[in-house]
Amino acid sequence: MTEDLGLRHGVEGRVARHAAADGPPRAHRHAELELNLVLRGTASYLLNERRYELTPGTLTWLFPGQNHVLVDESPDHELWWAVFRPGLVTRTATTPLARPLLQRDPIGRYSRRLDARCVARLGALLRELRDAETVDDAVLNTGLAYLLVFAWQAFLDSEDVVAGADVHPAVETVARRLHTDPNSGGLDQLARTAGMSPSHLSRIFKAQTGVSITRFRNQRRLERFRVLYGHGHRTTALAAALEAGFGSYAQFYRVVRTETGQSPSGLRAAPDDER
C-alpha cells in the first residue's frame, strides 16, 4: 500500500532527520523518490528481498516501487532523509546518467558509501533545506532540485558499493506479513506459512534481519502505537498500546524502554512528524 507523506501544497519535497531514539520508522512505500544519508551508528534496510548494511556515510536511494523498513538500529543511529515529488524528479533528472531516478524500481544497487568530505557537504545542504522549510517555499524547492543533482553525482562518484545480501523467501514472507499485521499469529503459525520449522525460521530470521521475530514484531507494534497515539490528544497511551497489539501496559513499557530509551510520554508525535 502506498503511503501519503502529507507534503503540503506548493512544496516539492521535504528534508528531515531520523534518530533511533525516535522509535522505529514505519515500513512503507510512497510515490516520492527518497534518499537517506547515515550520519552515525549502524542499521539495516530490508528493501524488497535484500538486506543492506548501513554505516556512517552510506547514501541510499529508495524508489517509489520499493517497500522499505529500517531494522536493527544501533542506539546512536541517525540519518538524514529527503523525499522529492515525481514532478521535480522528472524536471531535474534529464541526463542519460540520471535516468534511473525516473524509474519505480530500477535494476541495480543504489546504496554506496561516500567519503567524509562529501558527507559533510551533503549534510550541510540537508540541514539548510530542513531549516528553509519554515521560511520560504521557493528557496526550499530550488534547493531540493540542487540537492537531487548534487546527491546523485556524489553517488555516481563513489565506487564503494553496498552490495546487499539476498533474504530467504521465508524471511521476506514473514517480514511482509508482520509489516501488514504485527499480531498475525504466533511463531508456529508463521512457521507454517513460511514452510519450515519454528526453530529454523527463528534462526534464519535473526541471521538475515539482525533481530529476532519477537523484536521485529514489537517494533512494528511500536510503529502502530505512534500512529494511533499521535500527539496524545485523541486517546490514552494505554488504549493506543492495547490497540497496537501489546498484551499489557507493562509489556508496552518494556518495549519502549528497550527500543528508544524513553518513557511512553516521549513518543508523542512532534508537530511535523510525518514518519
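## Overall architecture

The predicted model contains nine helices and ten strands. Its radius of gyration is 19 Å, close to the 19 Å that the globule rule gives for 275 residues, so the protein is as compact as a globular protein of that length. Along the principal axes, the C-alpha trace spans about 50 × 40 × 30 Å.

Of the 275 residues in the protein, 50% are buried. The protein exposes about 12700 Å², and carbon and sulfur atoms supply 53% of this area. When contacts between residues at least 6 apart in sequence are considered, 75% of them join residues at least 24 apart.

## The crossing of helices α4 and α6

Helix α4 covers residues 169-180 and helix α6 covers residues 198-209; their axes come within 10 Å and cross at roughly 85 degrees. Because angles of 65 to 115 degrees count as roughly perpendicular, α4 is described as roughly perpendicular to α6.

On the α4 side, the contact involves Val 171, Val 174 and Ala 175, which meet Leu 201, Ile 204, Phe 205, Gln 208 and Thr 209 of α6. By residue class, the contact of α4 with α6 comprises six nonpolar residues, two polar residues and no charged residues.

## Asn 141 in helix α3

Helix α3 runs over residues 137-157 and includes Asn 141. With a relative accessible area of 16%, Asn 141 is buried, because the term applies to values under 20%. Leaving aside residues up to four places away in sequence, Asn 141 touches Gly 10, Val 11 and Glu 12.

How values were computed:
Residues numbered from 1 in each chain as written. Predicted model: local features only at pLDDT ≥ 70, side-chain atom pairs only at ≥ 80, totals over all residues. Heavy atoms only, no water. Helix = DSSP H or I, 4+ residues; strand = E, 2+ residues; numbered from the N terminus. Buried < 20%, exposed > 50% of the residue type's maximum accessible area, 1.4 Å probe, protein only. Contact = heavy atoms within 4.5 Å. Axes fitted to C-alpha atoms, helices over the stretch in contact; angles between N-to-C directions. Parallel < 35°, antiparallel > 145°, perpendicular 65-115°, else oblique. Nonpolar A, V, L, I, M, F, W, Y, C, P; charged D, E, K, R; others polar. Rg over C-alpha atoms; globule rule 2.2 N^0.38 Å. Areas by Shrake-Rupley, 256 points an atom, 1.4 Å probe, with all protein chains shown as cover.
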